[in-house]
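Let's go through this one together, one feature at a time. Have the sequence and the 3D view open as we talk.

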Amino acid sequence: MRGFFRLPKLAGRFGHLRSTLLFVLGSVVGALGGLVVTGVSNLTQVLHHALFGLGAGARLSEQAALGHPLLAMVPAVGGILMGATIVLNRKYRKRQPVDPIEANALHGGRMSMRESAVITSQTVISSSFGASVGLEAGYTQLASAAGSWLATRFHLRRNEVRMLVGCGAAGAIAAAFGAPLTGAFYAFELIVGIYSIGLLAPVVGAALAGNLLAVQLGAVQTHIELGAIAAVGPSDIVAFVALGLIGGSFAVMLMRFVGLVERALVASRLPIWLRPAIGGLAVGGLGLITPQVLSSGHGALHLQFIQSFGLFALVGLLVLKSMASAISLGAGFRGGLFFASLFLGALIGKISAMGASLFGMQVDVGLAAVVGMAAVATGVVGGPLTLTFLILETTNDLAISGAVMVASAISGVLVREMFGFSFSTWRLHLRGESIRAPYDIGRIRSLTVGAIMRRDITTIEKETSLSEFRQRFPLGSTERVVAMDSNGAYEGIVLVAEAYQPWEGEEPLETIEPLLRHKDRFLLAGINASDAAAMFEREGSEELAVVENITSRKVIGLLTEAYLLRRYSAALDQGWKDLTS
């Protein structure tokens, strides 16, 4: 019975139905994403009401003040719980958890349901107790893991596993914002890394299924009600470009601020389990000033579009919310910056419009807030089309599409040139990974020097005389010879053609030792092809020896740059075929 669910067998019987089966699986995964959003959002809302004593229908970040000063201790209590989960997770799970982007980039979409459930639980704790983080990371983590789990049950191909991981994220984001197109393009841009015809039906089906189920089950969706937006004129293009530059620059500063806080806490030598509690104390203190900095900020963003605030109040809130988000994430709370970046972007836009009015430039404050949201969130999240569709779906106003796209595009380019990472890939970079996008580089990572090197190498001792060398290796017999010492340790490479060239040195050439190239430059078998290619470029060499380890320097092979690049290109081509098939 188990074999019946192997999709390759089904495809063998009903090969023409494979696309239909994948569409069905994608829709199922999207519906699971909607279920995750419903459960997590409602649980978080219930905990907000219980922990902070909120009234019916109220949201934490829209409160004018905390109900009691002691409620400022709630984030610290959440930090203690968060610290406990960190200790337990480290005790029983030694490796770092894998998120959807990392899974699709390095592991062919393979994710752990248990790890993902832990991450989502930590996200719920963080947001429920008031830490300034969003739930979107928790939504996509568990929904994407469900897609990965289902794909492995059906024994799908590597590219199909990656696709269902994207379907999970699409369903979750669509359900969270009530925006199916946003969910679909979130998957295309941020989880799978490419748009193709083969991906369209499953991903769109997942986004629609996730949103529809969330609506039917009463999920706490994030509908952004912006009200009336002024008409956009051609003369406003300068303002849109400026907001794109400002938003992108602010996104870079915000991401660096998170890293700075994290490094400062590491340098403090505080135990890792204590850091969230310390961060919770700081966030609670900021919450005493204004509760708008607490949790993800859904209620606070709503306030920005129904109430008017002065310029100094907006600047103060921008600083406080940025501090709260950076402290929360840097201290070890789990979550993301997706919604926080929308809120901060709205503040940036309103501040910019008010600042422009001081110099006689008239920019509609509501429109500036919308464009600022798109600019900052694009810089942080890394998906220009995702944020463009989010704004369009939530405003139902196509007239502002030009403004949003201009600011998003400029912000995206600026962040890519200045910083090179979105927030998700920046966090991976801080862990030592160099992932910049979800493109499948897992095959390239597994393509090591040891797997592609030549083992049939020609060797000789470095003390060999020139005449003996010429006798053993006539011109045309081989191109290069690896020289070793008496213990078999690597000493360099001799090009046979150079051994027959006239010697221009002061002393006559007696041994081959003066001809040795790359004496201290060699490769290790475990280095991946990407790093090896960078080393060839840096050294300007065409061939390098491969040694067993740095200590023994025992030669085990030889690799030429030309052969490496051929294999590297073949791996890239195969990855591209998998993405587009």
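**Reading the fold, piece by piece**

Q: Which residues of helix 5 meet helix 6?
A: From helix 5 they are Met 113, Ser 116, Ala 117, Ile 119, Thr 120 and Thr 123, and they meet Gly 138, Gln 141, Leu 142, Ala 145, Ala 146 and Trp 149 in helix 6. Contact here means heavy atoms within 4.5 Å. By class, that contact has seven nonpolar, five polar and no charged residues. Ala, Val, Leu, Ile, Met, Phe, Trp, Tyr, Cys and Pro count as nonpolar, Asp, Glu, Lys and Arg as charged, and the others, Gly among them, as polar.

Q: Before we go on, what am I looking at?
A: This is a predicted model, where local features need pLDDT of at least 70 and side-chain atom pairs count only at pLDDT 80 or more, while totals for chains, interfaces and linings use all residues. Residues are numbered from 1 along each chain as its sequence is written, and side-chain values use heavy atoms, leaving out hydrogens and water. The protein chain has 24 helices and six strands; these are DSSP runs numbered from the N terminus, with helices (H or I) of at least four residues and strands (E) of at least two.

Q: How do I describe the packing of helix 5 and helix 6?
A: Two packed helices are described by the angle between their axes and the distance between the axes. Helix 5 (residues 113–128) and helix 6 (residues 136–153) pack at about 165°, with axes 8 Å apart. Axes are lines fitted to C-alpha atoms, for helices over the stretch in contact, and angles run from 0 to 180 degrees between N-to-C directions. The two helices are therefore roughly antiparallel, a label for angles over 145 degrees.

Q: And how do I read a sheet?
A: Strands of a sheet pair through backbone hydrogen bonds, either parallel or antiparallel. In this model, an open sheet of three strands has the order 4-5-6, with mixed pairing. Its edge strands are strand 4 (523–524) and strand 6 (555–560), each pairing on one side only. Strand 4 runs parallel to strand 5 (residues 543–547), joined by two bridges; two strands pair if DSSP finds at least two bridges between them. Leu 524 has Val 547 in strand 5 as its bridge partner.

Q: Is strand 2 buried or exposed?
A: Mostly covered: five of its five residues (480–484) are buried, meaning under 20% relative accessible area, with exposed being over 50% and partly exposed in between (1.4 Å probe, protein chains only). Arg 480, Val 482 and Met 484 point one way, Val 481 and Ala 483 the other. Strand 2 pairs with strand 1 (residues 459–461) in the parallel sense over three bridges, and Ala 483 is the bridge partner of Ile 460.

Q: Where does Thr 464 sit?
A: Thr 464 lies in the loop between strand 1 and helix 21 (466–472). At 8% relative accessibility, Thr 464 counts as buried. Not counting residues up to four places away in sequence, Thr 464 touches Phe 469, Thr 511 and Ile 512.

Q: What should I make of a positive phi?
A: Most residues other than glycine have a negative phi. His 155, not a glycine, has a positive phi of about 55°. His 155 is in the loop between helix 6 and helix 7 (158–177) and is partly exposed, at 30% relative accessible area. His 518 also has a positive phi, near 50°, and counts as buried at 18%.

Conventions. Parallel < 35°, antiparallel > 145°, perpendicular 65-115°, else oblique.
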